[in-house]
Amino acid sequence: MNDKIFTKPIKKQFEFDEEVAAVFDDMLQRSVPFYKESQKITEFFALKQLENGGIAYDLGCSTATLLINISRKLKCKAVLIGLDNSEAMLEQARKKCEAFNANIELVNADILEYEYKEAELFISNYTLQFIRPLIREELVKKISASLKKDGVFIFSEKVISHHPKLNKDLIECYYDFKKEQGYSEYEIMQKREALENVLVPYSEDENIKMAKNCGFSHCEVVFRWANFATFIAIK
């Protein structure tokens, strides 16, 4: 289904409800620049990390597209677990897993409270930015503590620049991208208002610093387009 959520006036902050879940895959393709490419690079490093099996968690797995793609290319047995606190998203994920015959464990859970097993891999796509900064750091510490030595955390985030003019230009560049995807000025404005104070992005440097402060020995960007970045952190 096509994303037409913001063609009408909004009366609430953005949330991952049934309406969003129904159009989420389309929303991602049209709202996140080079989404397929960033997912392919995530998939590549995920498969490298799971060459000998193990456990992988996708935090905020939404409709489980990434986990399904990973499961189809795995060369050995691995446990893939998708966590999300939106039942509407998980309902879509279950239907897709059934259609692709994908063996993925889907759990309705709070990623901050969940008891993780020792894992080889954690993935988080545009999830950290929805968690309040102080709690965000606690979650990244928890992820690091739950990873085996040399374990990997791959995360994608919207990023900001602390240079005011550059940050303004990056936002304008992104809005031009959205217009090219068929979104109107009105839809862009509506979504921006709905996300106000809900999505709190860090800069590239702040994300790297956070990972290192939380127990990772190395963190760097493996993909970036304007104000969207994919990071890999190694324990």
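C214 counts as buried, at 5% relative accessibility, where buried means under 20% relative accessible area, exposed over 50% and partly exposed in between (1.4 Å probe, protein chains only). The model is predicted, so that local features need pLDDT of at least 70 and side-chain atom pairs count only at pLDDT 80 or more, while totals for chains, interfaces and linings use all residues. Residues are numbered from 1 along each chain as its sequence is written, and side-chain values use heavy atoms, with hydrogens and water left out.

C214 is placed in the loop between helix 8 and strand 7 (218-225); helices (H or I, at least four residues) and strands (E, at least two) are DSSP runs numbered from the N terminus. Leaving aside neighbours within four places in sequence, C214 is in contact (heavy atoms within 4.5 Å) with E137, V140, K141 and S144. C214 and A145 are 69 residues apart in sequence, and their C-alpha atoms are 8.8 Å apart in space.

Helix 5 (residues 133-146) has 14 residues and reaches 20 Å from its first C-alpha to its last, close to the 20 Å expected; the expected span is 1.5 Å times one less than the number of residues. The buried residues of helix 5 are R136, L139, V140, I143, S144 and S146. Seen down the helix axis, these residues fall within an arc of 165°, so they line one face of helix 5; the arc is that of the directions from the helix axis to the C-beta atoms. On the other side of helix 5, L134 and A145 are exposed. The cover over the buried residues of helix 5 includes strand 1 (54-59), strand 4 (119-125), strand 5 (147-160), strand 6 (202-203) and helix 8 (204-213).

The structure holds 0 disulfides, a disulfide being a pair of cysteine sulfur atoms within 2.5 Å. C219 is buried, with a relative accessible area of 4%, whereas C76 is partly exposed, at 26%.

The count comes to 1 cavity of 30 Å³ or more. A cavity is a set of points, on a 1 Å grid over the protein atoms alone, where a 1.4 Å probe fits but cannot get out; lining residues have an atom within 4 Å of a point. Grid points are joined across faces, edges and corners, and a volume is the space filled by probe spheres set on the points. The largest cavity holds about 30 Å³ of space and is lined by P33, S38, Y126, F223, R224, W225, F228, A229 and T230. Strand 7 and strand 8 (228-234) each supply at least two residues of this lining.

Terms used. On a 1 Å grid over the protein atoms alone, a cavity is a set of points where a 1.4 Å probe fits but cannot get out, and a pocket is an open set with protein on both sides within 12 Å along at least five of seven lines; lining residues have an atom within 4 Å of a point.
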